[in-house]
Amino acid sequence: MSKRKSIVLLVITGLLIAFFGVACFANFAIPDGLCKFFGAQPKYNYVSIFDQISKGIDLEGGYYAVMTPTVEEEDQEINLDNVISTLRTRLDDKGYTEATIARQDVNSLRVEIPDVDDADEVLELLSSQGKLEFRDKNGTVWLSGDHVDNAYVGRDQNGEYAVVLNFTAAGTNRWATATEAVYNGADSDKILYIYLGDTLVSSPTLQGALTGSSAQITGNFEYEEAETLAAVISSGALDIEFSIGETRQVSATLGEGVVSNALMAAGIGMLVIFAILILFYGGMGLAASIALMIYVILYVVILALFPWVQLTFPGIAGIILSIGMAVDANVIIFERIKEEYAAGKTVDNAIKVGFKRAFVTVFDSNLTTILASIVLWILASGSIQGFAITLFLGVIISMFSSIVVTRWIMKLLKPLAKEQDKFYNLVRREA
Amino acid sequence: MLNLSFKGKRFKIVNKFYIFLAISLAIIIAGAAVIIFKGLNVGIDFSAGATIEVTVNDFSGFNSNEFKDRYENWLKGDRDNDGTTENARQFNVSNTRISSAAGQTTFEFRIGSTVTEDGKVQDLSEIVKDETSEYYNKKLLVAYVDEIKDEIKTDIYSYLKSTYQSEYGEYDDAGMDEVIEINPHTIDNSVMLYTIRTAFIAAAVAIAVMLIYIMFRFTWISGIAAVLALMHDVLIMIACTAFFQIPVNSVFIAAIITIIGYSINATIIIFDKIREYMNTPSFDETSDTDLANEAVTNTLTRSILTTLTTLVVIVLLALFAPATIREFAYPIIFGLLAGAYSSVLLSASIWVKLRKLFKQSGKRPVGRKTKKRAA
């Protein structure tokens, strides 16, 4: 490779690292002019790729609850998949799309919702079995949640928030029969009692028998209340009743501190690692440092792309560990190259043989870690699983970085050094 | 530029095996003694109960100890701070934790799952079956803690406003909401025990898989030696955690798993060197002890540099991070040091001793020489 070509390639690599480095870690407002140029809305804020990685409630703050079926129903065969999809619908309707629902135990669920302000609201949303019933004064059930197709928040004639129900075809028929019966019933009080579970939500007095495919539930609701009610009714009832075993609201302020502090520590740590590598291995250390930057960028992008990655505390440990292993692989390779050179090989040969021989070592040590992380991924639960995923991805990318990328950068650096042995800090063994 | 090389030296590490082993055993035994006589600092996640987390912005003159004592007593039933537990409901409060980070002080008041109500002790972790109770189907503790949240909030606001007038005198309740955060949560230890159980099973299977892999790629003696070194590291971690009374919680379990994943590497690097020497004809006449010493010496630079670089990141994390992460970082630091110690000073020696025990000393891989000659 000519000197000019190597300089050009190095500059391009540097620019790409700078570009993606900014894309990964910087948040900034995009100037209005640029927004217009790309046809985007003005005042568009760029959110870094790192910030787009979904983060667990231990980092971002939020709320979690563990739900267990009530004692009476513990013996029943429970279809948790149905429950999970029902809860999922409720959470999505309320806008908690980042929430996770996981099986905690044979028959309990753990729901984690990042970024929650109102814990009571969430508790209501999750714990309500959602059995909607229209009863008359004697308690006869005329209509149930099964007859409701969907529900949303609307306003009543006074402009108050109300929940609008759209009935299914069967529900529309039932509705006519029900209102007819309640309005014209022999000893009826003309009141329709609307229950959600054991709670009376609303008790409107009928002005006549009603037809039509929709109805309103009014009750001087706050918007939030109406929204929760609509979400619960829309999703349908849960097969069984749950009790909330454990709850926790984690403050978001502490979470933010954790992530930015960890990032700062990792950043300074990387600089120290670069210094150590360059101090001991000269040009090889420089190549490894550049490769490590590429590694970090690749890692962040892949964490953001993989949908089942949710960054947690132990996940950060997994990241640190894989940085350690990326450095380790480089050190193993460089030690091998030094050894080969000391034994009398030429610089080029020492590098070639060093990479080849060290590969076996790096492979064996990394593969044990990969195997362990796969086992943890499959068998462990909760945050340990998060750790396993970050470690697994990290180790694979680190192997690629130390074996392929470092070597490529070393090839680029080669034409720039006059005295190869000094540049790479290689010494011959004294005879 | 620096050169850290131990070429030409040969540290007699295997010959001093019993000294190194004695140091490790001393630490482990001392740790066991601490656990027996003082116990581990078991985190709240392990026992059922609840915590009420109160976060107050730091300001000069704030007496955090007075605050802690006042609200411990408040929860115990002394609502008017006069030394008598007059409230009908008395919680069981212990081990309040105070931590500061980012200009805020956080108090974690821990409540056990039993409460004395009108002189009667009740277990709040039981689910109420009485349908007339308003707590029906909701765990009692959750309901109690929900209730207490509003009461304690009112009291904390009026206490802070009257005691620290210069700081909070002007605030109304909405203003206080901005600066004081009160987060109650309940803990059901069955969840924790489940997490631990799965973590243990997963860790055991992971170790078994690593053992099989090492047996397959190296020898079965190497596999056993590596796993023994791994167990050493975990034991040292637990011992150090007992010495420094670092809370044992779900985060600690994650730290142990982290070290299991990491520490095996250092040992493998050394066994890789041993494997290489075993296949080198010039080492044919070398005794196991000398071969192991040579392997450890020639991987020492790597052992030191790798431990150093990983330590740098984790120590920085401990320095910058709030208490929760620090609790996580300390056990990892202990584990990293233990791992470096065991891989350099113990693992190769264990290999030598096991070879002796199973009468394999000096044995070389079968069929290796002929292969080399053919090549």
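Helices here are DSSP runs of H or I with at least four residues, and strands are runs of E with at least two. Counted that way, chain A has 13 helices and 13 strands. Before I go on: this is a predicted model.

Let me start with the overall dimensions of chain A. The radius of gyration of chain A is 31 Å, while the globule rule gives 22 Å for 431 residues, so the chain is more spread out than a compact globule. Along the principal axes, the C-alpha atoms of chain A fill a box of roughly 115 × 60 × 35 Å. Of its 431 residues, 52% count as buried. The accessible surface of chain A is about 19400 Å², and carbon and sulfur atoms hold 57% of that. As for contacts in chain A with a separation of 6 or more, 72% come from residues 24 or more positions apart.

Next, the nonpolar cores. The largest one has 153 residues. Which residues have the most contacts inside it? From chain A they are A:L292, A:I337 and A:M410, and from chain B they are B:I274, B:I314 and B:W351. Helix α9 of chain A, residues 252-305, gives this core its largest share, 23 residues. To take one residue from that list, A:L292 touches A:M270, A:I273, A:F274 and A:L277, and also A:A326 and A:V327, leaving aside residues up to four places away in sequence. There is also a second, separate core of 47 residues, and A:I84, A:F221, A:L238 and A:I240 are among them.

Now a sheet in chain A. It is an open sheet of three strands in the order β8-β9-β12, with antiparallel pairing. Which strands are at the edges? They are β8, residues 148-155, and β12, residues 214-221, each of which pairs on one side only. On average, neighbouring strands of this sheet are turned by 25 degrees against each other, ignoring direction. Strand β9 of chain A, residues 161-167, is joined to β12(A) by five bridges. Within this part of the sheet, A:L165 stands opposite A:A215 in β12(A).

Two helices of chain A pack on this sheet. Helix α7, residues 169-184, touches β9 and β12 of chain A, and its direction makes about 110 degrees with that of β9(A). Helix α8, residues 223-235, touches β8, β9 and β12 of chain A. The direction of α8 makes about 170 degrees with that of β8(A).

That is what I have for today.

Technical notes:
Residues are numbered from 1 along each chain as its sequence is written. Chains are lettered from A and ligands numbered from 1 in the order in which they are written. This is a predicted model: local features need pLDDT of at least 70, side-chain atom pairs count only at pLDDT 80 or more; totals for chains, interfaces and linings use all residues. Side-chain values use heavy atoms; hydrogens and water are left out. A nonpolar core is a set of buried Ala, Val, Leu, Ile, Met, Phe, Trp, Tyr and Cys residues joined through side-chain atoms within 4.5 Å. Buried means under 20% relative accessible area, exposed over 50%, partly exposed in between (1.4 Å probe, protein chains only). Contact means heavy atoms within 4.5 Å. Two strands pair if DSSP finds at least two bridges between them. Axes are lines fitted to C-alpha atoms, for helices over the stretch in contact, and angles run from 0 to 180 degrees between N-to-C directions. The radius of gyration is taken over C-alpha atoms; the globule rule is 2.2 Å times the number of residues to the power 0.38. Accessible areas come from the Shrake-Rupley method with a 1.4 Å probe; for residues, only the protein chains shown count as cover.
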